[in-house]
Amino acid sequence: MDTTKTHEEWLREMEEKSRAKQKTFIGGISSKLRRPMVDDAPPHPFRGSPDFWNAYEWNEQERINRFTDNFVSVGGHVQRLETMEEVRGFITDKANELSAKYIVRQNEPELAGLNLEDELPDARISVWNTDPEQHWKARSAEADIGVVMVDYAAAYTSSMVVLSSKDKGRSVSLLPTVLIAIIPVERIKTRLGEVMVQFDESGRANLPAGIHFISGPSRSSDIENDLTIGVHGPGVVYALIVG
Amino acid sequence: MSHGPGTAGGATVKERADLALNNEFLRKAVKFTTERLKNGKLKAMEEHGNWEEWRERGRQIRLHTIAHLDYYLNMFVENARANGVHVHFAETAQEAVDISLSIAERKSAKSVVKSKSMVSEELHLNHALESIGVEAIETDLGEYIIQLAGEVPSHIIIPAIHKNRFQIADLLSEDAGEKLEADTKILAGYVRRRLRAKFLEADIGMTGCNFAIAETGSMVLFENEGNARMVTTLPKTQITLMGMERIIPSWADLEVMATLLPRSATGQKLTMYMSGITGPRRAEDADGPDEMHIIIVDNGRSLQLGDPEFQELLNCIRCGACLNACPVYRHIGGHAYGGTYSGPIGAVLTPSLQKNIAEWDDIANASSLCGACYEACPVKIPLHDMLVYLRRRKVEAGYGNKIENAGMKGFATLLSKSGRFNTVIKLGKIGQKFISRGGEIRLKVGPLAGWNTYRVTPTLPKKSFRQQWGTLDAEIRNGLQEMSPDIKKRMEHAIKDRAKGGGHGHGHN
């Protein structure tokens, strides 16, 4: 390895190589397909799900019921709550019940409004990415409970979708032992596709680095088909449907 | 690489399969697991409904993408670059290895944590990394186990299908330096703790890629354990190995793939995690990689492009449904196939990727051509037809002449030994392709001259009675043997769990 080169220089060289190679690599594909490279978007008549599916929709109560049934069937827990007051009560009780010492939460106004610090004076509650000196991955890894707001949900597969940002760490929904995810009821759609098309519509430049669909607790059946919960990600997941 | 029982020791599928057939546990475990997955899939298909329409839609999307692969791959690359990803192209396995190693060297990496990647298996990347002093750690529970054993995956979805809990406890105890009980929870708990530390200290995270979305330059991973999320969230550098055909045009198309893949693989509505990664972390984010590389790998894939008989292989979404449906796989297990990919897809893909039809032809013969693989395939790849094309191509590749010549030498010496007779019957089946019409042979030359003067010879059956006898005999004998009470109890327990728990119980990565 040439250590005199800076890493930036090396990356630039690699990029030049990559761009040169791209021509032969993709040109090779065109010639295998026995035609010149196409420049215009080919018509794609089968884009996305079949029409009958795109028209499929449940009413709100059914979305809640189906989300709940699916989520429970894969080992998750669901609570139906009316207000953020009730959410505060649930999280406080759960933290006390589990004797949680470390809690990490996303930096979002709804979560700040819960005032968990006042309710749980004995727990150390960190707010994601509020202090540049902190090692935030380590804060999440040590946490007993992670608390997140869910951006979208899909009832058909009981999936909660969380998007990353400066204020929303990917680690918060991944590293703690217990995950508590709050779903404002109006964010629950029927189908996955309703969530996915929004990413097509918003376009590349507006997508976050991490989009995560979470459909239950971490699991594995790799040892003799015996189901184990909480292999790498959170083993206990609460979905709190609010509103 | 050292191999455990069933992974090596035979030059042909037949020899490797004999090893597998002798391994009672393997045979039962493979049978049980594949049936569990197959039934899970059937249930999920029925529950979801309109399965044929979904399958057809999945097929159309894959056909469309592959037919315009140059266009969509270019689009993906430009968008990924715009997201800040460093994109590389590798025509061969060696090129992909070289690029990976140079990144690791640049980063002075001590360790690489990996989530499941079949491309990485194709490249034998772990050995390459170890050769430059970089520790490569598989983090999928099953993959970690077989890595400790020094083996390769035997099932695309459940890689450690061939190991029992006691063997696993021994391997993990050795790793831990203390005796671990053969209890799934204890073993999985140990791996969780052990790998947590590895995730947090690793320099590089390495992943495969289930789908790459052309319009946004995003790469998508399906998993159940959370290790792929760890690998793409914690280390400072991420490397993604991507087969060049993994492309789909849009997120809308991802809904179709997300409908087909988990249901076909495990019977799940969706895997516990599905992640779309669009570039490295944004400047203000506090997690995610600083630097992200995607290595786009050909390694034989372009050989299938423009080949009318095999191009549809590129439509494969790597779900493993054809393995679970295959009566041959169920008997011989994955290692008997001798390549990275096993089962019907492996039987076609391995020779196609390697362009050496002759050497791998015996894999194509490890199939009864029953069509169960095609029926199971969520994107309708005609695998059973491809197996026939492979057999024919071997004949066309020049091996046919020897066979034909051998067939013309007359019966006398051949009939004197049953072994030789078997060989001739086998050769005859191939040789007769040239002379049979509508199931009859009327040719009046060679050994058939006398007979055919007044009669018509029927073509040889696909499987002679003698060949069938071996399987029937083994089936009867093995079927009658008592299962060990332990295995029986566990299986009964699993069935009970399944009965009361809907879709759950089918999970794994």
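Some questions and answers on this structure follow.

This is a predicted model, where local features need pLDDT of at least 70, side-chain atom pairs count only at pLDDT 80 or more, and totals for chains, interfaces and linings use all residues. Residues are numbered from 1 along each chain as its sequence is written, with chains lettered from A and ligands numbered from 1 in the order in which they are written.

Q: Is I26(A) buried or exposed?
A: The cut-offs are 20 or more other C-beta atoms within 10 Å for buried, 12 or fewer for exposed, and partly exposed in between, with C-beta atoms placed from the backbone. I26(A) has 20 C-beta neighbours inside 10 Å, so it counts as buried.

Q: Which residues is I26(A) in contact with, leaving aside its neighbours within four places in sequence?
A: Contact means C-beta atoms, placed from the backbone, within 7 Å. On that basis, the partners of I26(A) are M37(A), D70(B), L73(B) and N74(B).

Q: What is the strand order in the open sheet of chain A?
A: Strands here are DSSP runs (E, at least two residues), numbered from the N terminus, and two of them pair if DSSP finds at least two bridges between them. Six strands take part, with parallel pairing, and the order is β1-β12-β7-β4-β2-β3.

Q: Which are the edge strands?
A: Look for strands that pair on one side only. Those are β1 (77-81) and β3 (124-127) of chain A.

Methods. Two residues are in contact if their C-beta atoms, placed from the backbone, lie within 7 Å. Helices (H or I, at least four residues) and strands (E, at least two) are DSSP runs, numbered from the N terminus.
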